[in-house]
Amino acid sequence: NLPGNVTIIEVGPRDGLQNEKGFIPTEVKKQFIGALRDAGIWEMELTSFVSPKWVPQMADAAEIVSGSPEGLLRSIVLAPNKKGIERVQETSCKAVAVFVGVSNTFNKKNINKTTAESMDELRPLIGELKAKGYFVRACISTAWHCPYEGKISEEDTLRLCSDFAESGVDELSVADTIGMAVPTEAYSLFAKLKACLPEILLTAHFHDTRKLALANILASMQAGIDRFDSSAGGLGGCPFAPGATGNVATEDVVYMLERMGIETGISLEKLMGAVELVRPHVSRSIESMYYKMHIGA
Ligand code: HMG
Ligand code: MG
């Protein structure tokens, strides 16, 4: 009982670029976002309203939002705290992603608070955003494994997800931050989340560090998931998670799903055009299998 179609949430402009040391011109980022939209992406993480001292690449967040293309169903921006959420509200953006790690150590390294401190700050802010009509997504980092604490207990992840659900978020994006989950772990967690949180949009966010992301996507679909975060070109990683390489490449996901008869609505040809736009500006080579097979090494 696999889904007939799947929604891809493109995270390339945010997760894909946040780790790049050299500043990528704002105009290039806007062109990348526009080309992704033209390739058939409907939901996209555009940028983050984080501290420019922590993540200089995202310093142009407000400009990115003001230049974002028409026609996206959801233009999502990340915000880690009150200040970030205030900055978002000065823009036209109507979808906010907050992010918290199950692991305290990771959360401290990433946003300088424990998991509980972050939740205490975010709970009332999520309520305010919902009252104002915002779409709120919560990204759950280190849902299976942490680069600092090792294996994370499923109970802890389920508890944090339930906490967010109670606070009123619309969507949970459950993330394998360092690409260590295996399909049995992916299936187990998502089957439980589906059963205990039936009202919420559930999305899987896999990194392909150990080349297990496609297997994890298949296992997640078997558990009833039909929304996946991915990044064009397989770019990305979190600057505060050592060993976090790229997100699963959107083109590899689209290739697999379309060959399985599962519709994504995304044009691989146009997607490759988007990757070619940004490729000269990133420090890493494009490692996705689809790119290597069809475009060049
Ligand atoms: P802090 O240093 O504890 O912040 O950092 P603070 O509250 O003490 O403030 C210090 C200064 O930062 C002040 O400015 C604040 O105004 C400013 P100053 O008075 O020194 O001039 N500040 C801000 N400026 C702009 N925007 C803000 C903001 N907040 C404070 N929102 C903070 C705490 C959360 C700010 C910092 O740790 C931070 O920005 N972290 C972001 C880290 C990040 O972006 N990580 C990557 C995204 S998460 C990810 O990739 C995982 C994901 O993909 C899922 C997965 O794969 O796991 C989502
Ligand atoms: Mg990520």
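**Figure 1. Confidence of the predicted model.** The protein chain of this predicted model averages a pLDDT of 96. A score of at least 70 is reached by 100% of the residues. The model has an ipTM of 0.98 and a pTM of 0.97.

**Figure 2. Overall fold and dimensions of the protein chain.** The protein chain holds 12 helices and 10 strands. Its C-alpha trace spans about 45 × 40 × 35 Å along the principal axes. The radius of gyration is 17 Å, which agrees with a compact globule, because a globule of 297 residues would have a value near 19 Å. Of the 297 residues, 49% count as buried. Take the contacts in the protein chain with a separation of 6 or more: residues 24 or more positions apart account for 74% of them.

**Figure 3. The annotated domain, residues 6-272.** An unreviewed UniProt entry places the feature "domain: Pyruvate carboxyltransferase" on this span.

**Figure 4. Packing of helices α7 and α8.** Helix α7 covers residues 154-167, and helix α8 covers residues 183-196. Their axes come within 11 Å. They cross at roughly 35 degrees, and the crossing is right-handed.

**Figure 5. Residues where α7 meets α8.** From α7, the residues are E154, T157, L158, C161 and S162. From α8, they are S188, L189, K192, L193 and C196.

Key
Residues numbered from 1 in each chain as written. Chains lettered and ligands numbered in written order. Predicted model: local features only at pLDDT ≥ 70, side-chain atom pairs only at ≥ 80, totals over all residues. UniProt positions renumbered as here; feature names shortened; annotations may be inferred. pLDDT = per-residue confidence, 0-100. Helix = DSSP H or I, 4+ residues; strand = E, 2+ residues; numbered from the N terminus. Rg over C-alpha atoms; globule rule 2.2 N^0.38 Å. Buried ≥ 20, exposed ≤ 12 C-beta atoms within 10 Å, placed from the backbone. Contact = placed C-beta atoms within 7 Å. Axes fitted to C-alpha atoms, helices over the stretch in contact; angles between N-to-C directions. Left-handed = near helix turned anticlockwise from the far one by under 90°.
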